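I'm opening my notebook on this one. I'll jot down what I looked up, a bit at a time.

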Amino acid sequence: MNKTDWKNFFNGRSEKCKVLVVGDVMIDKYYYGDVHKFASDAPVPVAKIVSRRSSLGAAANVAGNLASMGCKTYLAGFVGNDHNFETLSRLLWEVGINQDGLIATESPTTTKVRVMSGRQQMFRMDFEDATPRSVIHFATLEKYIRQRLNDSFDAVVIADYEKGVCTEYFCAAVIKAAHSHGVPVTVLPYGQQWIKYAQADYVTPNIQKINQIMISPIKGENDEVVERAGRYIMRKFKIKNVVATRSAYGMSLITENDAAHIPTRSQEVFDSAGASDTVAAVFSMALAGGLKPIDGAYISNIAAGIVISKSGTYAVTREDMLNALDHSA
C-alpha cells in the first residue's frame with residue numbers, strides 16, 4: 001500500500017474496526033508547578049502547583065489511542081471503587097470507550113501521580129496493588145471477555161504492565177478464546193515471563209523490554225541483531241510474530257519467513273512515555289481493518305514518532321495520522 005491507501009484507511013475504514021483491549025488499567029495524573037524555594041521544615045523543594053491534568057494510562061491509554069483514531073473500542077480489566085476510578089471513567093466516557101468490562105475490586109484503581117516543574121519530573125507517587133485479584137474477580141472478567149467475543153471483534157490487545165491482571169492462566173485463556181473466534185491477538189509485553197503469551201499472533205516490545213528476556217542485551221541500530229532477537233523470542237516463547245520498536249532506529253517486523261526493517265524520521269524526542277501503547281494500538285487497528293502486517297508496522301512507526309514529540313502520555317488522533325502521512329516520505 002502507499003500513503004494514499006493509508007489515508008483512505010484513516011478516513012473511513014478505521015471507524016469500522018472493533019477492538020477489545022484487556023489488561024492493566026491505569027490513570028496518570030500530572031501536577032505542574034514552579035519551584036522557587038525549599039521547605040522550611042525539610043530539605044525538599046516546594047512546587048507551587050499552577051495546573052493539573054489527568055490522562056488514560058497503560059491499557060486505558062492503548063484503548064484511548066484506538067478510540068481517538070475512530071475505532072469502536074472496549075476496555076476490560078480491574079479497577080477500584082474510589083475517586084480515581086471516577087476520574088478514569090469520565091475520561092473513558094469522553095472518548096467513547098465502552099467500559100462495561102471494568103470489574104470493581106477491593107484494590108485501588110492503579111494511579112500514577114507526577115509532580116512536574118517545566119518538563120522535569122520531580123517525583124512520582126503510585127497508588128496500586130499488583131497482586132493477582134481473587135478467583136471470583138478473574139472468573140467475572142473472563143466471562144465478560146467470552147461473551148464479548150461473540151459480538152464479532154476484529155482484534156484483541158493484551159496490555160500487560162504486571163499489575164495483577166495478566167497471569168499465565170488468564171493470558172492463555174484470552175488467547176485461546178480469541179483464536180476460537182478467529183480473532184488475532186497482539187500483546188504489549190512486560191517483565192520476563194513471556195511464556196504466558198504463547199500462541200499470541202504478535203508481541204510489540206521495544207528494545208528495553210526485549211533486553212529483559214535476552215541472555216545478552218542487544219542494541220537497536222543493527223537490523224540483523226534485532227532480527228535474531230525476534231526469532232529467539234518466537235522460538236523460546238512460541239510467539240508467532242514480533243514487532244520490535246527501536247527508538248531512533250525505527251521498527252522491525254519479524255515473521256516466520258521474513259523480516260522488514262522500517263527507518264524512522266529524524267526528530268527531537270521530548271518524551272517516550274506511551275509510545276509502546278500507541279504502537280500496540282495502531283498495529284492492532286491495522287489488523288482489525290484488514291491491512292497487511294507490514295502496513296500496520298509502517299503506520300505504527302509513524303504514530304510512535306508523533307507520540308515521542310509530545311510531553312507525557314498522548315493519544316494519537318486520526319487528524320495526527322493524516323497530517324503525518326501528508327509530511328512523510
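Before anything else, a definition I need: a residue counts as buried under 20% relative accessible area, exposed over 50%, and partly exposed in between. I also note that this is a predicted model.

**Entry 1: salt bridges.** What does Lys7 pair with? I found a salt bridge to Asp326, with the closest N and O atoms 2.5 Å apart. Asp326 sits in helix α10 (residues 318–327) and Lys7 in helix α1 (residues 3–11), so this pair ties together parts that are 319 residues apart in sequence. Asp326 is partly exposed too, at 44%.

Next I looked up Glu15, whose side chain meets that of Arg318 in a salt bridge (3.0 Å, N to O). Arg318 belongs to helix α10, while Glu15 is in the loop between α1 and β1 (18–23), so parts 303 residues apart in sequence are tied together. Glu15 has 40% relative accessibility, so I put it down as partly exposed.

Then I checked Lys240 and Asp201, which form a salt bridge with their closest N and O atoms 3.6 Å apart. Both lie in loops: Lys240 between α7 (223–237) and β11 (242–245), Asp201 between β9 (185–188) and β10 (202–203). Are these two buried or exposed? Lys240 is partly exposed at 36%, but Asp201 is buried, because its relative accessible area is 13%.

I also noted a network of salt bridges that links Asp100, Arg148 and Asp151. My search of the whole structure came to 15 salt bridges.

**Entry 2: the sheet.** In what order do the four strands of the open sheet run? I read off β3-β2-β6-β7, with mixed pairing. The edge strands are β3 (45–58) and β7, each pairing on one side only. From one strand to the next, the twist averages 20°. Strands β2 (residues 25–38) and β6 (residues 110–117) pair in the parallel sense over seven bridges. Tyr32 stands opposite Met116 in β6. Helix α3 (residues 83–94) packs on the sheet and touches β2, β3 and β6. The direction of α3 makes about 110° with that of β2.

**Entry 3: a surface patch.** Which residues form a nonpolar patch on the surface? I found Phe123, Met125 and Phe127, with about 280 Å² of accessible area together. Met125 is in strand β7 (residues 120–127). Its relative accessible area is 37%, so Met125 goes down as partly exposed.

Notes:
Residues are numbered from 1 along each chain as its sequence is written. This is a predicted model: local features need pLDDT of at least 70, side-chain atom pairs count only at pLDDT 80 or more; totals for chains, interfaces and linings use all residues. Side-chain values use heavy atoms; hydrogens and water are left out. Patches are made of residues with over 30% relative accessible area and no salt bridge: like charges are joined within 9 Å, nonpolar side chains (Val, Leu, Ile, Met, Phe, Trp, Tyr) within 5 Å. Accessible areas come from the Shrake-Rupley method with a 1.4 Å probe; for residues, only the protein chains shown count as cover. A salt bridge is a side-chain nitrogen of Lys or Arg within 4 Å of a carboxyl oxygen of Asp or Glu. Helices (H or I, at least four residues) and strands (E, at least two) are DSSP runs, numbered from the N terminus. Buried means under 20% relative accessible area, exposed over 50%, partly exposed in between (1.4 Å probe, protein chains only). Two strands pair if DSSP finds at least two bridges between them. Axes are lines fitted to C-alpha atoms, for helices over the stretch in contact, and angles run from 0 to 180 degrees between N-to-C directions. Contact means heavy atoms within 4.5 Å.
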